[in-house]
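Hi everyone, thanks for coming along.

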Amino acid sequence: MKNIFNSRLIFILVVAICGSSMEAKPLYNVSRLIDRGNGDRRCCDQHRGVSPQMKSARPGNNLTLQQIKEISLLLAKEFPATGPGAVALVAREDRILYQQAFGKADLEMNTPMQTAHIFRIASITKQFTACAILRLAEQGRLSLHDDIRKFITDYPTSGKPITIEHLLTHTSGINSSAGQWTPQMRRMDFTPRQLVDSFKNRQAEFLPGTDFRYNNNGYVLLGYIIEIITGNSYEDDITRQFFQPLGMKHSSFDTNNEIIVNRARGYEKEDDKYKNATFLSMSQPYAAGGILSTVEDMYKWNESLMSCKVISKTSLEKALTPGKLSSGKSTGYGYGWWRGRIQGSPDVHHDGLINGFSSFAVYLPNEKIFVTLFTNCENNNPELTASKIAAIVIGKPFPQQEITMPAEQLAAMEGVYESSKGEERVVSFENDRLLFFPRGGGKTGLFPFKKDQCWMDKSMNTVLFTRDSSQRINALVFNEPGGSTTWQRTQKKVVKMKGVPVDTAVLEKYVGEYRFDNNFILIISREGQRMFGKGAGPRQVKQEIVPYAPLQFYAKNLDATLIFKQDQQGRVSGLVKMQNGKQEAQKIDQ
């Protein structure tokens with residue numbers, strides 16, 4: 001969950017795409033689905049000359065009309081016709097079952113999205129980097145246990161060997177931040193060696209193999225090692241090994257200046273308004289996030305990969321097996337793939353987030369179902385939507401319909417719940433609705449769909465409340481794709497704050513910018529009688545703050561409070577943020 005009161009370090013190699021979609025009327029047959037609407041809309045194997053009517057006669061291998069309708073309505077809701085768009089593809093083994101485009105590829109030109117549009121896939125690039133490394137291992141040109149200094153001889157490791165496998169599994173401990181990456185720096189082109197030099201001397205974050213921290217810099221190193229071993233550029237190596245032999249004709253490496261036919265334009269959203277994505281030199285994402293592709297090319301990639309046409313079966317099993325720390329704890333991440341579950345079915349997946357774009361691809365090996373969703377707005381969450389589509393396809397849709405419950409029954413679920421590790425989760429009944437949040441975290445709506453069961457807004461998570469012999473709620477079970485955890489109800493009371501009216505002239509005194517010790521800047525603004533806080537920088541979320549006492553505000557949708565400070569003249573001079581601890585900031589003179 002995003003925390004607008006904390007600095008969010010966005011590494012330059014993380015790239016995203018946002019989406020929108022076209023309006024969809026009720027779909028009662030597949031042929032109508034294919035024929036109507038703006039944009040390119042293909043379903044099943046129409047592109048192979050198989051009619052929808054013929055395919056619908058083959059049970060077990062195709063989507064039902066109801067599934068098609070549910071998927072289309074879901075996508076149309078998430079990606080409206082007037083905003084940035086998305087392209088979705090669903091396949092089973094070697095058959096495309098569904099492929100549709102929604103929304104706009106270019107808002108300024110009012111260009112409808114087409115299924116052939118090309119997107120930045122961002123961190124899904126890591127799959128290609130990992131497979132290139134595994135091929136080199138199969139050829140005996142490297143070992144996954146090689147120290148990276150075998151190839152980058154001057155890389156400082158403080159005497160603690162960092163292996164190729166550490167880089168693949170994000171367990172190397174090398175510094176994962178982007179440093180002071182200013183807007184001006186983001187416009188600069190870098191060679192691979194210059195990228196490595198930009199972070200190699202930063203302090204390590206932990207000893208290799210002892211912890212897990214997602215790390216784009218590690219995949220930059222892997223790309224550079226590929227170049228050192230092969231003598232080719234990373235781009236040429238991936239093109240020759242994968243794009244060309246697999247027929248991925250619409251996949252390439254992004255450049256800012258080259259004209260690329262069918263390239264979608266990327267967007268970001270700020271204060272409910274879309275704007276062109278912030279510029280990023282695409283030399284910077286490199287082997288961690290620099291590829292452009294289409295959903296159909298990604299389907300070709302996944303089908304070839306799972307058929308062991310890319311790497312050997314042994315290598316594929318390694319890539320899809322979660323790594324383990326020195327403590328024996330699983331990381332949940334292999335070599336370029338996360339492991340998870342969708343409604344109990346195991347999956348392998350990866351997401352991508354980069355300036356202007358957000359992407360997601362997931363494969364369910366038991367059902368042999370592949371779903372990918374690319375969007376051209378970095379604020380979108382294709383992972384949630386694609387996972388819902390996958391659940392529909394396997395016949396286990398996530399709960400969507402909220403049931404009506406008396407207020408007293410909802411209020412009975414309120415409480416502070418504690419895990420075996422002493423962590424707390426709060427369920428609060430406010431304004432006739434349930435809210436769920438961790439201490440210091442964002443508040444998310446809970447919606448009942450069965451007795452004692454709720455689904456969580458904008459997620460795949462559900463909450464089950466359990467009762468004791470007296471039928472009193474005594475615990476909750478939090479179910480998420482990675483598993484379930486139980487939280488026992490405590491005797492602690494949920495603290496609720498109530499806003500008080502404050503004169504507009506007084507509210508105006510708080511408006512301004514506040515700098516914390518880590519140089520993070522919080523911007524306080526006023527819109528009429530409403531006050532807001534928002535962090536400076538990309539992808540920060542504006543949060544409403546409500547006055548509840550003199551100089552004191554609480555965040556409406558976040559478990560945090562702000563206490564403003566005054567100088568001897570009564571002028572607001574700073575603030576204290578209370579959120580999982582205490583942080584102070586000074587007001588910047590303007």
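Let me start with what I call a ring pair: rings of Phe, Tyr and Trp (its six-membered ring) pair if their centres lie within 6.5 Å, with planes under 30 degrees apart counted as stacked, over 60 as edge-to-face and the rest as tilted. Such ring pairs link Phe-128, Tyr-234, Phe-242, Phe-243, Phe-253, Tyr-286 and Trp-301 into a cluster.

A word on the source: this is a predicted model, where local features need pLDDT of at least 70 and side-chain atom pairs count only at pLDDT 80 or more, while totals for chains, interfaces and linings use all residues. Residues are numbered from 1 along each chain as its sequence is written, and side-chain values use heavy atoms, with hydrogens and water left out.

So, how many aromatic pairs does the structure hold? There are 23 aromatic pairs. One of them is Phe-212 with Trp-338, edge-to-face at 5.6 Å centre to centre, with 70° between the planes. Phe-212 lies in the loop between α7 (192-199) and α8 (216-230), and Trp-338 in strand β11 (residues 338-342), so this pair ties together parts that are 126 residues apart in sequence. Helices (H or I, at least four residues) and strands (E, at least two) are DSSP runs here, numbered from the N terminus.

Next come Tyr-214 and Tyr-333, an edge-to-face pair at 6.2 Å centre to centre and 80° between the planes. This pair also links distant parts of the chain, 119 residues apart: Tyr-214 is in the loop between α7 and α8, Tyr-333 in the loop between α12 (313-320) and β11.

Are these two tyrosines buried or exposed? By buried I mean under 20% relative accessible area, by exposed over 50%, and by partly exposed in between (1.4 Å probe, protein chains only). Tyr-333, at 0%, is therefore buried, whereas Tyr-214, at 25%, is partly exposed.

Now, charges over rings (NZ of Lys or CZ of Arg within 6 Å of the ring centre and within 35 degrees of the ring normal). Lys-443 lies over the face of Phe-437, 5.3 Å from the ring centre. The charged end of Lys-542 sits over the ring of Phe-532, at 4.7 Å from its centre.

Finally, the serine: Ser-345, in strand β12 (residues 345-354), is buried at 3% relative accessible area.
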